[in-house]
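Please open the structure in your viewer and keep a selection tool at hand. The tour moves from the whole chain to single residues, naming at each stop what to select and what can be found there.

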Amino acid sequence: MNLRNLMRPPRPPETPEQEPGGLRAAARRAAEAVWQDPRVQDARAGLRERAQAWSGAARTRADLHLEQLLERRYGEQPPEAVTALLAQRRREREARAEQLRARQVLLARAEGPEQRRVLTRVAQATPWAGGQEAEVRYTALLDQLAPSGQADAEMAVHRAIWTLAERQVLAVSPHGVITACPLPDPTPPRVLPERAGGP
C-alpha cells in the first residue's frame with residue numbers, strides 16, 4: 001500500500017443491484033413479483049378458462065362435422081368400426097360438456113372474489129370439473145393467492161377457504177390437502193303427499 005492509495009477516498013460497497021448480474025437478478029425479482037400479483041393470476045386464470053372453452057367448442061364443431069361427413073358417406077348403415085368411433089367421440093364430447101357444467105356450478109358457489117379465486121385454483125386440479133388431477137396444498141394455495149405475505153391478504157384467503165369448507169364446498173384434510181366436495185344432487189327431494197284427514 002502506497003501513499004496514493006491512502007489518499008484515495010474509499011469506494012462504497014457495491015449493492016446487489018450494482019454487482020455483475022445484479023441488474024438481471026433485480027429484473028427477475030420484479031418479473032416474479034408481477035406474475036405473483038393476484039390480479040395477474042386472476043387474469044391468467046380467466047384467459048386459460050376462455051382458451052379451454054374455445055378449444056372445447058372447436059372440438060365439438062369438428063366432431064359434429066365429422067359425423068355429418070360420415071353419415072353422408074355411409075348413409076344409415078355405416079360400418080361397425082365407424083359406428084363405434086362415432087359413439088366414442090360422442091361420449092367424450094358429452095363428458096367434456098358435463099365437466100364444463102360441473103366447473104360452472106362449482107365456481108357459482110363462490111360468494112365474493114376471494115372465494116372465486118380459491119375455487120378457480122381448486123377446480124384446475126379437479127378432474128370432474130375439467131381440471132388436471134393434482135394435489136392442492138393449503139400452504140401452497142396461500143402462497144399463490146397471497147404472495148405478499150401481508151396479514152390482511154393472508155387472512156382473506158384463510159377466511160375464504162374455511163367459509164367454503166363450512167359450507168361443504170371444499171374439504172381440508174388434516175394433512176392440509178384441499179379438495180372440492182361433490183356437487184349437490186340437482187334433483188329436488190321428493191315430498192310425500194299429505195294424507196287426507198290429518199295424521
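**The whole chain**

Begin with everything displayed as a cartoon, bearing in mind that this is a predicted model. Of the 199 residues, 24% count as buried. Among the contacts with a sequence separation of 6 or more, 53% are made by residues 24 or more positions apart.

Select the three strands next: they make up an open sheet in the order 1-3-2, with antiparallel pairing. Strand 1 (136-137) and strand 2 (170-172) are at the edges and have a single partner strand each, so one side of each is left without a neighbour in the sheet.

Zoom in on strand 1 and strand 3, which pair in the antiparallel sense over two bridges; here R137 stands opposite V177 in strand 3. Then move across to strand 2, which is joined to strand 3 by three bridges, again running antiparallel, and where A171 stands opposite T179 in strand 3. Strand 2 and strand 3 form a hairpin with four residues between them, and in the turn G176 has a positive phi of about 85 degrees.

**The largest nonpolar core**

Hide the cartoon for a moment and show side chains. Which residues have the most contacts inside the largest nonpolar core? They are V118, L119, L170 and I178, in a core of 23 residues. The elements giving two or more residues to this core are helix 4, helix 5, helix 6 (138-145), helix 7 (151-166) and strand 3 (177-180). In soluble globular proteins, nonpolar side chains tend to be buried together.

Centre the view on L170 and display its surroundings: leaving aside neighbours within four places in sequence, L170 is in contact with V118, L119, V122, L164, A165, I178, T179, A180 and C181.

**Helix 5**

Now select residues 113-123, which form helix 5; this helix is mostly covered, with eight of its 11 residues buried. The buried residues are Q115, R117, V118, L119, T120, R121, V122 and A123, a list that includes V118 and L119, both named above among the residues with the most contacts inside the core.

Turn to helix 6 and look down its axis. Its buried residues are Y138, L141, L142 and L145, and in this view they fall within an arc of 100 degrees, so they line one face of the helix. On the face turned away from this buried side, look for the exposed residues T139 and D143.

Y138 in helix 6 and W162 in helix 7 are 24 residues apart, so that the pair links distant parts of the chain. Are the two partners buried or exposed? Y138 counts as buried because its relative accessibility is 12%, whereas W162, with a relative accessible area of 43%, is partly exposed.

**R93 in helix 4**

Next, select R93, which is found in helix 4 (residues 80-108). R93 counts as buried, at 13% relative accessibility. Showing its surroundings, and leaving aside neighbours within four places in sequence, you will find R93 in contact with T60, D63, L64 and E67.

**After strand 3**

For the last stop, select P182 in the segment after strand 3. P182 is exposed, with a relative accessible area of 68%.

Note on methods: Residues are numbered from 1 along each chain as its sequence is written. This is a predicted model: local features need pLDDT of at least 70, side-chain atom pairs count only at pLDDT 80 or more; totals for chains, interfaces and linings use all residues. Side-chain values use heavy atoms; hydrogens and water are left out. Buried means under 20% relative accessible area, exposed over 50%, partly exposed in between (1.4 Å probe, protein chains only). Contact means heavy atoms within 4.5 Å. A nonpolar core is a set of buried Ala, Val, Leu, Ile, Met, Phe, Trp, Tyr and Cys residues joined through side-chain atoms within 4.5 Å. The arc is that of the directions from the helix axis to the C-beta atoms. Two strands pair if DSSP finds at least two bridges between them.
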